[in-house]
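Thanks for coming. I have a few minutes on one structure, so please look at the screen and follow along.

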Amino acid sequence: MARSVSALGAFALLIALGTSAFPQAVPDPETDIVRLAGAIKPVVAKNGMVTTQDAIATRIGVTILEKGGNAVDAAVAVGFALAVTHPRAGNLGGGGFFVIWLAEKQQAVALDFREIAPAAINAKSFLDENGKPDISKATRTGLGVGVPGSVSGLATALEKFGSGKFTLEDLIAPAIKLARDGIPVESDLERSINFFQKTLLRWPSTAKIFAKDGAPLKQGDLLVQRDLANTLEAIAKNGPDAFYKGEIADKISLAVREAGGVMTSDDIAKYKTEILDVVRGNYRGYDILSMPPPSSGGALLVQLLNILEGFDFKGGPNAPHTLHLMVEAMKRAYADRAEFFGDPAFINVPLTRLTSKEYAAQLRAGINLAQTTPSSQIKAGLTPKKEGDNTTHFSVVDKDGNAVAATVTLNLNFGLGLVAEGTGVLLNNELDDFALAPGVPNAFGLVGGEANAPGPGKKPLSSMTPTILLKDGKVSLVTGSPGGSTIITTVLRVVSGVIDHKLNIADAVLLPRIHHQWMPDEVRAERAFERMMPPEQWIAFETYGHKVDFFRFNIGAANSILVTPEGITGVSDPRYLGTLAAGH
Ligand code: DON
């Protein structure tokens with residue numbers, strides 16, 4: 001059995017640098033999914049549900065629902081709260097996506113508040129003096145910071161899709177209080193600050209907030225974020241312009257430039273959230289609504305499900321044949337990701353064909369049922385031609401059947417780790433999601449080419465996959481995850497667990513996760529698999545020719561909701577401490 005315990009190439013480098021390839025992956029012995037499997041039951045509620053990575057944020061969301069807010073109102077309040085309580089991914093200085101389902105109008109929309117490359121970024125920005133790609137420029141300096149989208153995104157969500165019962169000020173108020181009064185450092189926060197202390201403490205402006213007497217904050221300490229409280233207050237009073245124009249924007253652009261970046265206040269002033277059509281698909285009687293480019297997530301999810309629809313999974317979710325088929329589908333879909341996906345404002349992504357049943361049938365026919373196809377023999381399956389023309393995920397469902405699937409990120413844990421002096425805002429390092437040079441792996445080992453080259457005003461390609469499934473026109477599943485390249489396959493596993501294996505939402509989320517991204521040609525599996533499956537089952541899986549890397553961290557954090565005849569059921573991924581699903 002091929003196993004490598006240590007992380008691979010670029011990942012190892014990032015870990016050595018004090019940041020992780022899997023920014024949510026704070027090692028946590030207490031969240032042993034083998035021990036938890038079957039023991040965790042979904043939370044059930046009648047009216048509405050919020051599932052997030054952080055108990056305080058979940059409670060804030062539920063309070064908004066109880067006061068008559070809709071799912072969007074609650075999601076906006078949760079988004080601002082997470083910027084305070086879950087600083088490794090919740091943010092004002094990063095970006096994200098919402099997929100929203102509006103039940104009464106039967107309308108689905110995608111909100112794109114992805115970070116944007118400053119005007120002075122170009123295809124050579126991340127090369128060293130010898131023309132070689134230098135990943136640390138993207139992950140460890142101001143060059144990797146994209147113009148933050150979250151403040152605009154949350155404000156736009158409220159303005160366009162909120163119930164109208166709450167002002168931005170109402171929904172930011174709980175976050176301001178938490179930032180000003182401070183939050184107790186609990187186990188999950190302690191672990192993350194401690195694990196990523198090298199990322200954080202190298203910046204004096206950050207150390208002032210996250211350390212005491214030179215040491216990372218620990219349990220028993222209070223995390224007080226006064227500058228962040230002031231920034232939030234300015235946004236609450238004066239709207240997003242308070243963030244995008246004037247003093248705060250000047251401080252952010254200055255901090256980025258002092259850290260070696262090229263962002264100007266003008267880049268920040270230009271930021272705009274985009275409202276897009278969702279990517280649509282269907283799978284065994286369910287409608288899929290998910291995130292379009294600049295994320296690859298939704299299209300790949302649909303493509304994967306289309307391929308898998310032609311198979312049955314009678315052996316169960318962990319049967320060697322099931323895993324083989326999933327991995328083979330993944331290899332083919334991620335090959336397409338590397339070739340075709342990028343910012344749709346700059347390139348033409350052949351979405352219609354990539355998500356078609358016909359194309360999936362063609363890919364399915366190429367799958368050898370008995371043997372893996374080496375990645376080197378898999379090429380992107382379409383000839384390009386023009387067509388008409390660390391992250392956290394949370395899910396919300398309200399009493400009227402509206403839903404929000406939300407994934408937000410700073411990219412790696414705590415992003416660049418740099419708090420822009422005087423603002424409390426932690427800045428992202430999202431531009432590492434560009435293909436820094438053709439075929440060169442990014443922090444998640446993902447490769448890409450021309451379609452995702454760095455460029456001025458461009459959005460780096462994402463894998464974030466906030467997803468809503470409908471059954472007979474009504475919300476059924478709301479899901480998504482952090483985990484960089486593994487996000488899409490984590491969502492696939494949850495969707496398949498619910499639909500193919502009829503699991504309740506807790507059991508679907510607790511299924512051990514398996515991932516392949518075409519390159520490197522290696523199956524990444526959660527370590528739990530090793531202990532959950534009898535050895536002969538692994539041996540059977542390996543007879544298909546798969547090389548397995550048992551990854552040292554859990555994969556993903558899929559805080560999900562499933563609407564059932566028994567009620568609205570939810571689970572916050574038990575892989576991390578301090579998460580909460582709650583309803584009313
Ligand atoms: O947009 C993306 O695909 C990545 N920047 C997401 C990063 C991420 O999920 C980190 N969390 N584990």
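I'll start at the ligand. One of its oxygen atoms lies 2.7 Å from a polar backbone atom of Ser463. Keep in mind throughout that this is a predicted model.

Side chains also reach the ligand. An oxygen atom of the ligand sits 2.6 Å from an N or O atom in the side chain of Thr391. For Asn390, the ligand atom is a nitrogen, and the distance to an N or O atom of the side chain is 3.3 Å. How much of the ligand's accessible area does the protein cover? The ligand has 340 Å² on its own, and the protein covers 99% of that.

Now the shell. There are 17 residues around the ligand, and those that come nearest are Thr391, Glu430, Asp433, Ser462 and Ser463. Sorted by class, the shell holds 9 polar, 5 nonpolar and 3 charged residues.

Next, a pair of helices. Helix α7 covers residues 168-181 and helix α11 covers residues 226-238; their axes are 8 Å apart, and the packing angle is about 170 degrees. Angles over 145 degrees count as roughly antiparallel, so α7 is roughly antiparallel to α11.

Which residues meet here? From α7, the contact involves Leu168, Glu169, Ile172, Ala175, Ile176, Ala179 and Arg180. On the α11 side, the list is Arg226, Leu228, Ala229, Asn230, Leu232, Glu233, Ile235, Ala236 and Lys237. By class, that contact has 10 nonpolar, 5 charged and 1 polar residues.

Last, some backbone geometry. For background, most peptide bonds are trans, and most residues other than glycine have a negative phi.

Pro293 and Pro294 are joined by a cis peptide bond, with omega about 20 degrees. Pro294 is in the loop that runs between β11, residues 286-290, and α15, residues 297-308.

Another cis bond goes from Met519 to Pro520, where omega is near -5 degrees. Where is Pro520? Pro520 is in the loop between β18, at 514-515, and β19, at 523-526.

Then there is Asp213. Its phi is near 50 degrees, which is positive, and the residue is not a glycine. Asp213 belongs to the loop between β6, at 211-212, and β7, at 215-216.

Note on methods:
Residues numbered from 1 in each chain as written. Predicted model: local features only at pLDDT ≥ 70, side-chain atom pairs only at ≥ 80, totals over all residues. Heavy atoms only, no water. Axes fitted to C-alpha atoms, helices over the stretch in contact; angles between N-to-C directions. Helix = DSSP H or I, 4+ residues; strand = E, 2+ residues; numbered from the N terminus. Parallel < 35°, antiparallel > 145°, perpendicular 65-115°, else oblique. Contact = heavy atoms within 4.5 Å. Nonpolar A, V, L, I, M, F, W, Y, C, P; charged D, E, K, R; others polar. Near = heavy atom within 4 Å. Polar contact = N/O pair within 3.5 Å; in protein donor to acceptor, adjacent residues only side chain to side chain. Areas by Shrake-Rupley, 256 points an atom, 1.4 Å probe, with all protein chains shown as cover.
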